[in-house]
Amino acid sequence: MQDSTGRAAARVRKPKGARALLGAAIAMVGALATVHPTNVVLVTLSEVVPQLAAALPPVITACGALLAAMSEPPRMVRRK
């Protein structure tokens, strides 16, 4: 399809909830980092910047939860 200027018109894509699923995955990663603080990355980070290592997992969880909450929910397909 082309618009009046002859350029190809961008397709209008319906949101399918990918952003919400990504936000949920990010929140789960943050929650797992909170539950499992012996992670190599967190241990190394706590040696360098202890305050950041303590604050990072809750911040990751909160950002992922906000992204999931503010996104379009995924479209569920019913099987017959």
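**Close-up 1. Helix α1 passes helix α3 in a left-handed crossing.** The model is predicted. Helix α1 covers residues 18-35 and helix α3 covers residues 50-69. Their axes come within 7 Å. The crossing angle is roughly 160°. Angles over 145 degrees count as roughly antiparallel, so α1 and α3 run roughly antiparallel to each other.

**Close-up 2. Residues at the contact of α1 with α3.** From α1 come R19, A20, L22, G23, A24, I26, A27, G30, A31, A33 and T34. They meet P57, P58, I60, T61, G64, A65, L67 and A68 of α3. By class, this contact has 13 nonpolar residues, 5 polar and 1 charged.

**Close-up 3. S71, in the segment after α3.** S71 has a relative accessible area of 13%. Buried means under 20%, so S71 is buried. A polar atom of the S71 side chain lies 2.5 Å from the backbone oxygen of L67. L67 also belongs to the α3 side of the contact with α1. Leaving aside residues up to four places away in sequence, S71 touches R19 and A20. R19 and A20 are among the α1 residues that meet α3.

**Close-up 4. The helices in the context of the whole chain.** The protein has 3 helices and 0 strands. Along the sequence the pattern reads α-α-α. Of the 80 residues, 14% are buried, S71 being one of the buried residues. Among contacts between residues at least 6 apart in sequence, 69% join residues at least 24 apart.

Technical notes. Residues numbered from 1 in each chain as written. Predicted model: local features only at pLDDT ≥ 70, side-chain atom pairs only at ≥ 80, totals over all residues. Heavy atoms only, no water. Axes fitted to C-alpha atoms, helices over the stretch in contact; angles between N-to-C directions. Helix = DSSP H or I, 4+ residues; strand = E, 2+ residues; numbered from the N terminus. Parallel < 35°, antiparallel > 145°, perpendicular 65-115°, else oblique. Left-handed = near helix turned anticlockwise from the far one by under 90°. Contact = heavy atoms within 4.5 Å. Nonpolar A, V, L, I, M, F, W, Y, C, P; charged D, E, K, R; others polar. Buried < 20%, exposed > 50% of the residue type's maximum accessible area, 1.4 Å probe, protein only. Polar contact = N/O pair within 3.5 Å; in protein donor to acceptor, adjacent residues only side chain to side chain.
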